[in-house]
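Hi,

Here is the structure I promised to pass on. Have a look at it first, and then read on for what turned up.

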Amino acid sequence: MHCQESQSCTDGWQGPLCDQCSLYPGCMHGTCREPWECNCARNWGGLLCNKVDRDCETNPCENGGTCVIAANGVSCICAPGWTGSLCETDIDECASNPCMNNGWCEDQVNGYKCHCRPGWQGAQCQLDVDECKDSTCVNAIYCRNLQGSYECQCQAGWTGKNCDMNIIDCVGQCHNGATCVNLVNDYRCQCRPGFTGRHCDAAINGCHSLPCLNGGVCHDLNDGFRCECPSGYVGLQCQIAINLCQQNPCRSGSTCYDMRGDFYCHCQPGFEGKTCEKKKKICPNGSCEVIDQCTITVPSNRTSGEVRSISSNICGKHGICRSQAGSRFVCECQSGYQGTYCHENINDCLQNPCRNHGTCIDGVQSYRCVCAPGWEGSSCSRNTNDCSPNPCQNHGICTDRINGFCCVSQRMERENMQFKSESVIVLCSNGGTCQDRGASFQCLCPDGFYGDTCQIASWHSCDSNPCQNGGTCVNSGDSFTCFCKEGFEGNVCEQNINDCYPFPCYNGAQCIDGVNWYLCDCSKGFAGPDCRINIQECTSNPSAFGSTCIDEIGSYKCICPPGRTGNQCENVIGHLPSPNSCIFKQHAYSDKSSWKHECNSCHCNNGRVHCTKVWCGPKNCLSHPNVSEPVDICAHDETCVVKTTQTCFTPPCLPWGHCKHISKIEDSAPRDIQTNCIPNEAKISNNCAKINLLFDKSRMPKGVSVGNICSSLRAFPKVQAYAKKETIIILCAIQLRRADSIEITLSLDMKHNDNSGTLISTLKDLVEETANAVSQKLVNSSALKAVIDVQVQTNIIPKKPSGNFKGIFTFVCSYVINSYVSGYFEFIDACYSNT
């Protein structure tokens, strides 16, 4: 309301209701929204809208439309997506309902966007989403795509939406207190002591084999037997007579132990001999050796049995190792380096030697300055003379500035011979516009630049600190360059250089990569900076009672004299450490104890020995100073066949051979077992599966043989678990025509070889779990951690069909487990069937 009480309008308003604005005086073809405006109508212009506009000066077109001159004035050519005389109307592209399958259309300028319902995709929601592509079917035969969902067809023994629920097969089949273990589409009964059979329904008669000797009476127990010995005999089986030490033949304060038909003297420290009559020699044959961190000994290549000393290289390539007392060491670093292992380059840029915003790049005992524009010199302290050479033309005078210059033109007046400024020629950089200010000038700079001549960029590529891990950023026009600290690489120094490449550690050690350094985490039984030193566990003389100590990898073994047993031969046979102890290979083990025998795991349970049944592979018949295992002695009709070249995967390797019958030297099957499941020869069958391992040899230590890899597989916990019931046979060989791949065959040595599916199910589960452990790097082996691809081949036999159908379909599938690239398991089935 603009009216006053006297009904006269306020200044600038008119009309009965005072709601009409007053035009600017003299306005002819214009309108107003506020008082004293003169907004010209179409085709009119000028202050009073009294001039015909035929040049599109006012550009009436909206929304990016282009004004053009027409015969009757001007018209608008609209931008895509707009219409109307002044391009004021947005075209509705959703009017034609382009979205399919009930998708919602969102109108946009010169286009549209479809928002699809679940289960549909595409620009117009015309494509059905394949939910099987991202489904989580785990133990499925196949996945079927549905509209908005998916369906998993489960393998036998599995259920659930994603086939991830194992069907419970234990429904009371096990008897006599046995524990039922649920398997995949099967079950297993763990019997209590004294019972056997699939369902633990058969009692074991411990006295059936007549174990008691020398007239002992056997008493059957639920979990074994007990011998009641006659007078004069003792022992678990009444096998030891008493007592031959009554006259005490032992000397030097030793203790006498009676044995069957003999005696044994336990000597005091420092004595030896049958009756402890001799003093021990310290360091016999000069075998004592001091090994420190700076020097290690390795076998000589010239003479068998000789060794040579080499540097441990613990101080790297920038330091010298100095030995100190107590097997310690110190690294003397080269100039420019520091740190425990001389692995750190001293930062010469810490004192900020570069001036005037220069960038310092650290070197080795030196630095280099990358100067900001306009500065130069070793420390960027000198302003660059932009007037040299003179860039001004026509005798102009150049004035130097920081990162720029300007030119002044002069003319001589004859009257007083003085110079008078005539004009100023200024070179505005980077697209700047020069404006004359009389006695001075001004450059109008575009966005992103400032300075007298627009020569300085207000934003640099390095302002966001793109270089990682302490890298130095240097601007280069509209980009940047990163100078990385030692130990890093990449465009922005984002990658830690792998100091473990090529692999520097030995004997199965794990290499720990640091920043410009590495550390070898040695396997049990090895020491030294690169784990080449085999720790001599026999140095402390752990074997007693006249036994012989045999050094092993990470442990030792005592060879006991007749009549003694135990880890250190501390027990006399017949005098067991506990009532339910076990005798195994002339050793006594207490109840509930566990031990290793070759590649198998054993434990004592109520006087009975239980061992896993993994075939441990052929034994080596070639001797070498660095081989601690006993050498296999060939029979009179056998010969030692050298196979070092055929079994060495990453040379050089220790010599290896195995005994073969003289008539079967070319036979590839080992002499100790009967099997047709042999690498590079076998075909997939009900009792033969294959695993092919592809290695990146550059990540492997030297000296790895096929036997080393096979031994690591036999020691897998899953293999040991399956070997409690069935004998497992694992063979390995370098794959034909593929020097970086090893083919592994797995089979079971079962007394029954039926087609019920139990055999194949057990073998298939064993193979898949072994491949799973290798592919996910769940292994304690540096060699197996270099595997980059795993291929599995097994037979799959379905359940027996119902009715009178007699056929069996055998599906041979190849599962390619690509863990190196994707980090998860991708099973690709390539199957064919035989009827």
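One thing to start with: this is a predicted model. In the protein, residues 24 or more positions apart account for 33% of the contacts with a separation of 6 or more. As for what the chain is built from, there are 74 strands and five helices. Of its 835 residues, 34% count as buried. The accessible surface comes to about 50000 Å², and carbon and sulfur atoms make up 49% of that.

Now for the inside. The largest nonpolar core has 36 residues, and the ones touching the most other members are Leu693, Phe695, Ile744 and Leu784. Several elements give two or more residues to this core, including strand 68 (689-695), helix 2 (706-714), strand 71 (741-749) and helix 4 (758-775). Helix 4 supplies the largest share, six residues.

Then the disulfides: the structure holds 38.

- Cys170 and Cys180 are joined with an S to S distance of 2.1 Å. Their link is left-handed, at -85° about the S-S bond. Cys170 sits in the loop between strand 18 (165-166) and strand 19 (179-183), while Cys180 is in strand 19, ten residues apart. Both ends are partly exposed: Cys170 has a relative accessible area of 22%, and Cys180 is at 26%.

- Cys174 is joined to Cys189, S to S 1.9 Å. The torsion about their S-S bond is about -85°, so this disulfide is left-handed. Cys174 lies in the loop between strand 18 and strand 19 and Cys189 in strand 20 (residues 186-190), so the pair ties together parts 15 residues apart in sequence. Cys174 and Cys189 are both buried.

- Cys484 and Cys493 form a disulfide at 2.1 Å, S to S. With a torsion of about -90° about the S-S bond, it is left-handed. Is each end buried or partly exposed? Cys484 is partly exposed, with a relative accessible area of 30%, whereas Cys493 is buried because its relative accessibility is 0%, and buried means under 20%.

Happy browsing!

Notes
Residues are numbered from 1 along each chain as its sequence is written. This is a predicted model: local features need pLDDT of at least 70, side-chain atom pairs count only at pLDDT 80 or more; totals for chains, interfaces and linings use all residues. Side-chain values use heavy atoms; hydrogens and water are left out. Helices (H or I, at least four residues) and strands (E, at least two) are DSSP runs, numbered from the N terminus. Buried means under 20% relative accessible area, exposed over 50%, partly exposed in between (1.4 Å probe, protein chains only). Contact means heavy atoms within 4.5 Å. Accessible areas come from the Shrake-Rupley method with a 1.4 Å probe; for residues, only the protein chains shown count as cover. A nonpolar core is a set of buried Ala, Val, Leu, Ile, Met, Phe, Trp, Tyr and Cys residues joined through side-chain atoms within 4.5 Å. A disulfide is a pair of cysteine sulfur atoms within 2.5 Å.
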